[in-house]
Amino acid sequence: MDAKGYGGATDRGQEKIQDGLLQVLDEAAGRAGLRRRGWTRQPGGDGELAILPDTEPEPRVVEDFPRALAAALHARNRDLRPGLRLRLAVHHGMTFTASNGYAGAGPVAVSRLCDSPVLKDALAASGADLAVIYSRQVFADTIRQEHTGLRPGELREVRVAQKEFDEPAWIWIPGHDVHALTLPEPDPEPEPEPEPEAEPEPVAGSGRPGLDHAAGIDAVICFAEQDVAAVERLAMKLRRKGVSIWIEPWVDPGLVVLLEKERAIGRAANGILVFSRAAMAQSGVMDDYAALLTRVHETGGRRFVPVLIEDVPLPRFAALRRALDLTGDRADEESRIDLLAHTIRSDTPS
């Protein structure tokens, strides 16, 4: 954990920050039912590296402690300006005592997470007293498996690339909507140069999202033009999860859209059709529906996935398949898109 603004404080101000930090940490641990006296701690002035014994219940560490810490900070800051604002990183991994502190992948990971620019930006943009970031392991093993009361949709997935550390992570800001924050997008990783092909076939849709022609397309998404905003959002989320997506708005200038759509459908292993009232009313979308279903039964075809963004009755053959329902609680959307991305990646031949 680390305090914001420590370096800019006066000498006495830094002393007050250190005193306040220890006070709220002790209070929060007590409220969460944790035994802080049993923690192994490495002080850092404006922060602390804490290694917890395996006797501390992980759900309390992951959810109860941050909630109690946010409450303690709020109470302390009520009459103090500037207030104490903290970043907290939670991770589990290998840690051991070394000659000058602690070593292992665990301390490195939690330090990179806590010092990440995206967590600093989230704390600054939210105006909150506390911003929490969870490692991939903690999110997958504790939060996604419902060992806490946190819903996956309450957290925002980010990418942390700090020195040798490059991993996804999840940010939670107690009492705030982390999805409403405007955070800078991380720099995209450079795409590897594609291997030359004997007779390369041009495929549209590569310009904006960076689709690799040689790798082919994992999935084509078809939809009504009225739903373009929702579909682009879905496509970008899938792309960030490692799925190569083709959608019509990403066709490069100067190409024939219908021809490029036909080529993309023929090359993609999976087809997705976004169903809404507008989609059900458009004959062109129903033509796409027929083409995607046909592709499923051809060589290289894998799966057709109906996606509902409005509550509409599905056509007969779409209704036979399990649909991905995005009409419900926005908080659950991320976990459903995770499921779709996993399904597409596992179905796509390597």
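This is a predicted model: local features need pLDDT of at least 70, side-chain atom pairs count only at pLDDT 80 or more; totals for chains, interfaces and linings use all residues.
Biologist: Which are the edge strands of the open sheet of 5 strands?

Modeller: The open sheet has parallel pairing and the strand order S11-S10-S12-S13-S14. Each edge strand pairs on one side only, and the two that do so are strand S11 (245–246) and strand S14 (324–325).

Biologist: Helix H6 packs on the sheet, but what angle does its direction make with that of S10?

Modeller: Helix H6, residues 228–240, touches strand S10 (219–222) and also S11, S12 and S13.

Biologist: Why can the buried residues of H6 be said to line one face of the helix?

Modeller: The buried residues of H6 are Val231, Leu234, Ala235, Lys237 and Leu238. They line one face because, when the helix is seen down its axis, these buried residues fall within an arc of 160°.

Biologist: Which exposed residues does H6 carry on the face turned away from its buried side?

Modeller: Exposed here means over 50% relative accessible area, whereas buried means under 20%. On the face of H6 turned away from the buried side, the residues that count as exposed are Ala229 and Arg240.

Biologist: Which residue just after H6 takes a positive phi?

Modeller: H6 has 13 residues and reaches 18 Å from its first C-alpha to its last, close to the 18 Å expected at 1.5 Å a residue. Just after this helix, a positive phi of about 90° is taken by glycine 242.

Biologist: How many residues of strand S7 are buried?

Modeller: Leu130, Val132 and Tyr134 point one way from S7, while Ala131, Ile133 and Ser135 point the other way, and all are buried. Strand S7, residues 130–135, is therefore largely enclosed by the rest of the structure, the buried count being 6 of the 6.

Biologist: In S9, which residue is the bridge partner of valine 132?

Modeller: S7 pairs with strand S4 (residues 86–90) in the parallel sense over 5 bridges, and there leucine 88 stands opposite valine 132. S7 also pairs with strand S9 (residues 165–172), in the antiparallel sense over 4 bridges. In S9, the bridge partner of valine 132 is tryptophan 172.

Note on methods:
Residues are numbered from 1 along each chain as its sequence is written. Side-chain values use heavy atoms; hydrogens and water are left out. Two strands pair if DSSP finds at least two bridges between them. Contact means heavy atoms within 4.5 Å. Axes are lines fitted to C-alpha atoms, for helices over the stretch in contact, and angles run from 0 to 180 degrees between N-to-C directions. Buried means under 20% relative accessible area, exposed over 50%, partly exposed in between (1.4 Å probe, protein chains only). The expected span of a helix is 1.5 Å times one less than its number of residues. The arc is that of the directions from the helix axis to the C-beta atoms.
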